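Please look over the sequence and the model shown here before reading on. The paragraphs after it go through the structure part by part.

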Amino acid sequence: MAEANWQNRTLFVADNIRILRGMNSESVDCIATDPPFNKKRIFNAPLGSRQAEQRFDDRWRWDEVTDEWQDLIASDHPAIKEIIEAAVVIEGGTVDHRTGRINTGRIQNSMAAYLAYMAPRVVEMHRLLKPTGVLFMQCDTEANAYLRLLLDAVFGRRNFINEITRRRASAKGLSTRRLPNNSDTLLTYGKTPKYKWNSSYEPYDVAMLNAASLDDANLDGETRKTLEQYDKRDDDGRRYSLTDLANPNRDRPNLTYEFLGVTRVWRWTRERMEAEYAAGRVVQAKPGNVPRFKRYLDEQPGKPRDDIWDDVVQVEPSELDWDTRKPLDLYRRLVECGTDEGDVVLDPFAGCATSCVAAELLDRQWVGIDIDPVAEEATYIRLREATGLNMLNQPVTVRKTLRRSDVPSVSDQKLRDALWNRQGRLCANPYCDSENLRKVDLHLDHRIPKVRGGEDGVMNRIGLCGNCNSRKGRKAWGLFLDEERAQQPHGTTR
Ligand SMILES: C[S@@+](CC[C@H](N)C(=O)[O-])C[C@H]1O[C@@H](n2cnc3c(N)ncnc32)[C@H](O)[C@@H]1O
Ligand SMILES: [Zn+2]
């Protein structure tokens, strides 16, 4: 597992693709994020002002995302390629399977373009998570199904954990032609089946439960179940249940002993048993009966939560007017589920830093990224309001760039040797027919260009013959390959 190449409490103000590509692999425990679906907030006016938003096109356009998508190189991720192509076709565009060329037609309000924008970012998020890492990605009902496919493609279906449905504060799209939409979803994935997970509980209303009685005909089903479970009350009116102390494992000689006249394989050691008995927590109804444990309702964490959350609706008051701000309690809950104290939380679309503030409050480390320069001031305001964090003693680091430190940089000579062997002594372009290529004639290039965060390590490099190198110029590697393929007679590859 790599060392992190940033410090706790860092905010990067930049396009997240460049920063994500600059972060060391497997250095993050949890990503909790809420990407934009429309682009309103990508280009923003000064804090509080709304004028600038009108000027920008709100929609995703294919021509704006082509480069990033082509950097990803469709051939490395065939499932993502097919998902994006399916979105193109659903929206009325066409895909030329021979050349790989996508024609979005007149449709520019494109789900496909949105996916092409998200795909390279999701691929990086996956790389950054530790094997125990968890991703929570919030989305609305418009993009949900498409994002879920993309996440399945990158994380693997077996690593899907939950789709949490959250009620929002107010419904969108009031209409007499359909139900107003009032839910968001949080798509939740583990990096591997060994992901870290802390169950989430809804605390009991203990005063109500201690006072309630099963004779009350108006009890709801849940409350009735809890009362039936915690069916006894002590002298103070505290509800409890009596639970078994026998150990399900039979073969435990060190836990086998006589206690209050009964010999069993017990759950606890004799010392613990005696201490609990002295504290009044182990009771025996009458001599000879098996002693049992007194489990108090008010000591339980609460009712295990399910995947429908209608109790984190409102955002708390703030001096900040930020229209996509999410409730702090929502992010607290996510961070608690996916991390322990000290773990690292990343939000690549941090906005006004709700997830970072939640991490700070829960003693986790955090890193946020937002492209909007206003995010810096917003983060300070939210941190001060919610945590009282003293920026002088515990400063937030603000940065604009990052380079990986877990990829050894290699000398040109070593790189040339490595590529020469990896490429089978040929030019990296599979459609190139150059022969008698000499090792010294390999031109070294980047698959993901450095300006978009591509690193210098061997995996991001290619060696081209002089001819291909000059044809490629500054084009993205994927686009260049598509063009080369288009020039071929049907079905020819090397
Ligand atoms: C829906 S908002 C997140 C709101 C956040 N959860 C909160 O409570 O404030 C999406 C954020 O993503 C940011 N964003 C959009 N594109 C980005 C990019 N390419 N890189 C980094 N941030 C980006 C926007 O500036 C915006 O603040
Ligand atoms: Zn070539």
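Predicted model: local features only at pLDDT ≥ 70, side-chain atom pairs only at ≥ 80, totals over all residues.

Residues are numbered from 1 along each chain as its sequence is written, chains are lettered from A and ligands numbered from 1 in the order in which they are written, and side-chain values use heavy atoms, with hydrogens and water left out.

Begin with the sheet. Nine strands form an open sheet with mixed pairing, in the order β16-β6-β7-β5-β2-β17-β18-β1-β19. Its edge strands are β16 (308–309) and β19, each of which pairs on one side only. Strands here are DSSP runs of E with at least two residues, and helices are runs of H or I with at least four residues, both numbered from the N terminus. Two strands pair if DSSP finds at least two bridges between them. In general, strands of a sheet pair through backbone hydrogen bonds, either parallel or antiparallel.

Strand β1 covers residues 10–13. It runs parallel to β18 (residues 365–370), and four bridges join the two. Thr10 stands opposite Val367 in β18, and Phe12 has Ile369 as its bridge partner in that strand. Three bridges join β1 to β19 (residues 397–399), also in parallel; here Phe12 stands opposite Arg399. Is β1 buried or exposed on its two faces? Both faces are covered: Thr10 and Phe12 on one side, and Leu11 and Val13 on the other, are all buried. Buried means under 20% relative accessible area, exposed over 50%, and partly exposed in between (1.4 Å probe, protein chains only).

Now turn to the surface. Glu202, Asp220, Glu222, Asp306, Asp307 and Asp310 gather there in a patch of negative charge. Such a patch is made of residues with over 30% relative accessible area and no salt bridge, like charges being joined within 9 Å. A salt bridge is a side-chain nitrogen of Lys or Arg within 4 Å of a carboxyl oxygen of Asp or Glu. Glu222 lies in helix α8 (residues 221–229) and is partly exposed, with a relative accessible area of 40%.

The last stop is the loop between α13 (412–422) and β20 (443–446), where Arg425 is found. Most residues other than glycine have a negative phi. Arg425, however, has a positive phi of about 65°, and it is exposed at 54% relative accessibility. Asn436 also lies in the loop between α13 and β20. Its phi is positive, near 55°, and Asn436 is exposed, with a relative accessible area of 74%.

How values were computed. Patch = residues over 30% accessible without salt bridge, like charges linked within 9 Å, V, L, I, M, F, W, Y side chains within 5 Å. Areas by Shrake-Rupley, 256 points an atom, 1.4 Å probe, with all protein chains shown as cover. Lys, Arg positive; Asp, Glu negative; His and termini not counted. Charge placed at Lys NZ, Arg CZ, Asp CG, Glu CD.
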